[in-house]
Each structure stands twice: as structure tokens, then as C-alpha cells.
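Keep the picture open while you read.

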Amino acid sequence: MFSCVERCIAQIKYSIPEEVKAGSVVGNVARDLGLDVHSLEERQFRIVSGTKDAQFKVNQNNGVLYVQKNIDREELCESLSPCLINLKLVVENPMEIHSVGIEIIDVNDNSPSFQEKGKVFEIPESALPGRRFQMPTARDPDVVVNTVRVYKLSHNEYFSLQIRDRGEDKVPFLVLQKALDREKRPEHKLILTAVDGGNPPRSGTLSVTVTVLDSNDNHPIFSQEIYHIEIPENVPVGYSVFKMNATDLDEGVNGEIEYSLGKTLKKIVYEIFELDKISGEIRVKGKVDYEANDVYKLDIEASDKGTPPSTGECRVIIKIKDENDNPPEIDITSLSSVVSEGSKPGTMVALISLRDKDAGLNGKVISSITPDLPFELKPSYKENIYSIVTKGFLDREEVSHYEITIKATDRGEPSISTFKTFSIQISDVNDNTPQFSENPLQFYILENNAAGAPLFSVNAKDNDINENAAIIYHIVREGKQKDIMSFLNVNSENGQISALKSFDFETLKTFQFHVVATDSGTPSLSSNVTVNVFILDQNDNPPVILYPVSSNGSAEGVEEIPRNVNAGHLVTKVRAYDADIGYNGWLLFSLQEVTDHSLFGLDRYTGQIRTLRSFTETDEAEHKLVILVKDNGNVSLSATATVIVKLVEPKEAFAASDVKSAAKVNEEDNVTFYLMVTLGSVSVLFLVSIIVLIAMQCSKSTDYTSKYLQETNYDGTLCHSIQYRAGDKRYMLVGPRMSIGSTVMPGSHANTLVLPDKRRTSEEVGLVWFLI
């Protein structure tokens, strides 16, 4: 097959159809230019200028020029024919510049289309056969034979279609063949079809409606069907282009003419020109630029004021005369848009070429580069060809990319300058390790967390980018608490820590583990952080009644007291405890139910039930007391105990068993004695603890480990203290009974003393007890 290759003064021309697949071969440029194929890569054989989005590429291994991206002739050249793309190819050592022309052959890939969905004609019934009406023209972006060639009209007995050639365009006219009768048929529906000359042909249709009207049987007529006018570019706004003149043989309003632009013109026509509807004068209202468009086609309609109005049409073709108004142009071929921060001075970054469409001094161009950048512009032996190279060392962490601006100025009077900017990215070297914001990290979580739910996140930052800054997290599963770390999991991508089990403050209060952050560089860098986790208490344990407890385990007891006891007599004491700590374990007692409020009173802190007055003969022999025990949590939990108090006669009580009565008196005396001893001991221990704390305040130590105080079993009527450490501070909580080994939420100010940061050995840690 003939490849359409021709040589003409150092230029080769190829022809290819549009819409060819990417990778299609255009031709062997190296062979056609007589270049040595084996030295193409060494001589950096490449394309340095051409289409903006690089539809073509040359293979340095064999010199074959092939299509890189889809080619749309209509996008590149619009209606120009032939469509020619000029490429500039360069080889170095020695440098040679060759021009290659590629003609894009049109393919019939567009169908004719009308800008309007439908066209309505109002024709008077007095219209004579042979009357013509201009119809909208179809637009087809294809050219030559593939553009619109034929118009067809649907079959009817009243109208025919006539095609008139107006230069390059074919304009369809609707021709009346038979006189119309509005009373017989007031409306006609027609279909206009536009067919292009492709193989196979493509077509588009337009719905045409003809409404039959009366009268006004003369239409305006122009002296010419086509007017040719030439104006210079850059004419001022308001410039008069041409004055239309149409005549109408009718008189009165039927002979008064108004002018208007056709409704199917290109949008740019309405932006550049305006038409005075009365005078018919065409004036300039926008910028006329030869480089944007060198010819404009205006369809002018003249309409009289009859009822219905009649119209006449003509076409005005306006050609634009070129003037010297072109700025310099800069073509940039980037050899390396990404430069390593370790590049040496003198590394080539880009190759640029300059040109100006003007001639003489107006086409001579001088260039410069943005100052104060580590790059410089070096001219080559050929005019208007420059290379951009580095002139210093680069540091990505200091500046990650540069905006380089090239300035091109012609030597016209006055001179015109052009600026073009492109970016150079500085590639990264893995020279930064991941860093945590602080080490160690401390987190506080509530007990009873949902298994598998996220607890908190660790985050490290790396000053590098891309894979050098892509951090992966993992837990070091070694150390004293391996069993706990086996339940922990870390999201390797975002550092989110989750636990596979729920923690219980009553069994575990704190634990420690290590997280390692590793980047993805080669070689990779890593760092680790120590994570201290403190578990905070929740009010998840209800009070437990210790006394009274009957044989079946329910909180119910029976107390018998003589009728002759005095006010303030201790009937019994409700004992309870709560496994929580702090306010969550602080128990309060209240009477939920009582048969006689004047007889019994309940101490809300100790749970002691005492008589409020002496009994009378009218008092009932049996009284039921329901005691509510609740903690002080945000959502308090509670338990109830029932005490049945029976009143017995003193003689009956003593007669039943003198020994039992005596034992009971001794037991009450013993309880009173033990209580006094306990209170005295607590007071002494409290003073000793204060002295020990003062001594610790004065001592110096560097041990920052947390110590938790232990306590003995307690029935809920006394208070104790707990010491713990959070960060660089130690705290002591003073409040009601807490379970052994419990701690409190750091940051709470209730019942908490802040202690100085001193070391305490196991021998120094003691209990601090005192009364509420």
C-alpha cells in the first residue's frame, strides 16, 4: 500500500484517518529521514513540539511514529480542510531538527443535526405556487464529502424541496407547488431530512409545520442573495460593517421592513455582530480577532409588518483581514517533571522553544527565567531553543516543588511579552523516621468497653512523602503483660487500638504495651512508643446487703425488742457493701417503707435503726421497715432490705431466757467497746498517716511507678483512702469504702488530695481511715 509519504525541503508528510486506535503506526520517521535507527535512543530522538495533548509519539528503538491518543479531526481543526498537524522532531549529538506534517483525513463520524427541534412556517393562502421559504440548514462537523450533501422532504402534494449552493454550504428551500386553501387544510406537517456524503451516509431530521394564513402576498427581496465583505481585525466596537437594503412591493405596513439575524447561526456571531432591525446596519459589538476566526457567515432575514408578515433571506459573508497583533509563543517539552533532591547541579529539567507568528522585529523573541530559583536558562546553538538546568542542590523537605516561569518578549514597538509557568516536583529520599507527638502516651478508658470496639488511636508523623511517609503500626507482643497484649489489636493503617475483650476495673486497673511505627521506604525506618492505659471505674455493681440476711438468702430479718426501751435505742444495723469505688461505692440508707414514722429513725450513713420515742400501749406489736440502700453513681444502683421489728413485753423477753438476755447485753456492751477502740485506732492511724505523708513530702526520689493502697474488709459505715499516680502527679482519694485495689478517675476533684511526687516502698504504704 502506498503510505502517502513525500519529502519537501526537510519535511515529511503523512496522511492518516481520524479516530484510529492508539498505537496505530503513522510511518517510520527515522527511515524516511535517513537516520541511523540504532543511534536514535542515544541521540534522544523525540518530538519537541506539536499538538498540546501529544496525540503522537515516536519510538526511539525503531523510529516509528505512532498514535498515542485518540485523534478527533473536528476537535483539532474544526471546519478547516485539509487538517494538517506539524510536528518538530529533534535528535542530538549533533542536533538536528526535522519537521513532519500529518494530515488528518476526515472520517464520517458525525451525523447532520439541526439546531432547532422544529420549524414553523406561516404561509398565507394567497401565496402563489413557486414561492420559496428558506429552511434551517443542518450542521455537520465533518468536511469534504462527509458533510451535508443532500436534503430530502417527506412526500406531500403541496411542497417540494429546492437546494441552493451558497459557496460551501447547501441551503434548503421549501417551495410551494400547489395553491393552499386554509379552509380546506389549515396546517401541514413535514419532515426535512439532511443526509451527508459519507459511506455509509448519516442523517438528521427536522420537524416542519406549515400554518396557512391569509393576505400579504409580497415578501421583502434583497438585491443579492450573497454579500461578500472584508474588514480588518481589531476594529472598535460600533464599527459599521454593512447596511442591508431590501425592498417590498407592498404598501403601508405590509411594505415596512424589519431586519433580524438568523436563529441558526453560531453563537460567536451573536457575540461579535449586531443588526439594527430598522436601518439594517450591521455593526461590531465584540472583539474581532483574525486568529480566533477569519470568516463569519451571517444569515439575514427581512420581514414586513403585514399580517401575517412575509420574509426574505440573504447571506452576508464577512472576511477578517489579519493585523500584526500576535504575542510570542512558548512551547515547553519537559524532560523530567520530577527531580530527585539528590540531583547534582547541571541536571537538565526541560527544553523550550520560542516562536512569534509576526514577522520582522515583531517576530524576534528574547527570553528569561524566574530569578532566585536553583534553575537557569541555557541557550543552544539553534536560535530560540533553550534548556533549563539546575544550578544548585535541592532539598525536598525545605521546598517540595518549584513554579518556574519563562518570559518571552518580542522586539516590537511597543513590545509584547508572554509568560508560561510549569511545575517541577522534588522527589523524596527516605531520610526521616516516624515520630510520635510524645512518649510515653497515656490513655484513660472506662471499664465494660464493648469487645472489638475502638478504644483510642496512636498517631505518628513522617516528614517524608508517598511510600516513605506511609506508616504501618504493630504492637510489640513481648513483656510482662503478654496475656493482656494478646487481646489488643491495632489497625496497621490508622493506628486505631481495639480490644477483643471487655476490661473490668475491679480486676485490672492499668497495663502497658509498646507500638512500633514503620514507614514503607527502602530501607524502612521505624520508632516505637510506650502506651500506658488506665482503666476507669463505672457504677456497674449494685449494693449487696450483708445484714440482715435470712436463711433463704433474702435481705429480711426479724428483730425483737422490749416495749419499755427508751428513745435512741439501737434496734439493729443494716450492713451493705459496693464493689465500686469513690462515689460509685458510697452508700446511703433511707427508709422506703415504715408503718409508723414517729417510732423509728434510720441513720443515712451508718444504716443504724434506732427508736425515736418510747413505745406506748397503743403502738402495734409488729412493725415492718423497708430500707433502701443506693450508691452515689450518676445512675445510682440500689438494693432493699426488710426488717420486721416485734415488740415484746419485758417480762416475756427475760423469762424466755435469762442467759440469752444477759448474753445480748454483753454483746451490746462489747460492740460499744469495739466501736470505741476502732474509733480511737482510726484516729491514731490518721495522725500517723499525716506524719508519714509529711515525711514523704520532704524526701526525694525518682521512682515514678504507680502504687495502689490495699484495704481490709469493711462493712460500709467507715471511709478509707486510695493513692494512685497519673503522669507526674500522685493523688489520694478520701471517701467511703472502696474495694481492694480500686482506683479513681484522674481529674476528679471530689474527695481527692494531690500528693507530691515521691517514691514509696511497700513498707511505707499504709491505710488511712477516718470517720465520715
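## A tour of ring pairs, charges and a surface patch

Let's begin with one tyrosine: Tyr-402 is buried, since its relative accessible area is 11%, and buried stands for anything under 20%. Bear in mind as you go that this is a predicted model.

**Rings that meet**

What does Tyr-402 pair with? The count of aromatic pairs comes to 11. In one of them, Phe-375 and Tyr-402 sit edge-to-face, with 5.4 Å from centre to centre and 80° between the planes. That pair links distant parts of the chain: Phe-375 belongs to strand S29 (residues 375–379) and Tyr-402 to strand S31 (residues 401–410), 27 residues apart. Phe-375 has a relative accessibility of 1%, so Phe-375 counts as buried.

Now for another pair. The ring centres of Tyr-444 and Phe-534 are 5.1 Å apart and the planes are at 20°, so this pair is stacked.

**The chain as a whole**

Time to step back. How many helices and strands are there in the protein chain? The chain has six helices and 54 strands. It runs to 772 residues, 43% of which count as buried. Taking the contacts in the chain with a separation of 6 or more, 66% are between residues 24 or more positions apart. The chain exposes about 40,800 Å², and carbon and sulfur atoms supply 51% of that area.

**Opposite charges**

Side chains of opposite charge can pair when their charged atoms come close. How many salt bridges are there here? The count comes to 25.

| Salt bridge | N to O distance |
|---|---|
| Glu-225 and Arg-132 | 3.5 Å |
| Asp-428 and Arg-396 | 2.9 Å |
| Arg-563 and Glu-649 | 3.6 Å |

Take the salt bridge between Glu-225 and Arg-132. Glu-225 is in the loop between strand S16 (221–222) and strand S17 (226–232), and Arg-132 is in strand S10 (residues 132–134), so the pair ties together parts that are 93 residues apart in sequence. Glu-225 has a relative accessible area of 32%, so Glu-225 is partly exposed. Arg-132 is partly exposed too, at 28%.

Next come Asp-428 and Arg-396, whose side chains meet in a salt bridge. This pair also links distant parts of the chain: Asp-428 sits in the loop between strand S32 (417–427) and strand S33 (435–436), and Arg-396 in the loop between strand S30 (385–390) and S31, 32 residues apart. Both Asp-428 and Arg-396 are buried.

Then there is Arg-563, which forms a salt bridge with Glu-649. Arg-563 lies in the loop between strand S43 (556–562) and strand S44 (570–573), and Glu-649 lies in the loop between strand S50 (638–648) and helix H5 (650–656), which puts these partners 86 residues apart. Arg-563 counts as buried because its relative accessibility is 18%, whereas Glu-649, at 37%, counts as partly exposed. Some salt bridges share partners: Glu-274, Asp-276, Glu-281 and Arg-283 are joined this way into one network.

**Cysteines**

Which cysteines are joined by a disulfide? The structure holds one disulfide, and it joins Cys-77 to Cys-83, with 1.8 Å from S to S. The torsion about that S-S bond is about 60°, so the disulfide is right-handed. Cys-77 and Cys-83 are both buried. Another cysteine, Cys-314, also counts as buried because its relative accessibility is 1%.

**Out on the surface**

Last stop: a nonpolar patch made of Phe-686, Leu-687, Ile-690 and Ile-694, which together have about 350 Å² of accessible area. Leu-687 belongs to helix H6 (residues 658–698). Leu-687 is exposed because its relative accessible area is 54%, and exposed begins over 50%.

Conventions
Residues numbered from 1 in each chain as written. Predicted model: local features only at pLDDT ≥ 70, side-chain atom pairs only at ≥ 80, totals over all residues. Heavy atoms only, no water. Patch = residues over 30% accessible without salt bridge, like charges linked within 9 Å, V, L, I, M, F, W, Y side chains within 5 Å. Areas by Shrake-Rupley, 256 points an atom, 1.4 Å probe, with all protein chains shown as cover. Salt bridge = Lys/Arg side-chain N within 4 Å of Asp/Glu carboxyl O. Helix = DSSP H or I, 4+ residues; strand = E, 2+ residues; numbered from the N terminus. Buried < 20%, exposed > 50% of the residue type's maximum accessible area, 1.4 Å probe, protein only. Contact = heavy atoms within 4.5 Å. Disulfide = S-S within 2.5 Å. Phe/Tyr/Trp six-rings, centres within 6.5 Å; stacked < 30°, edge-to-face > 60°.
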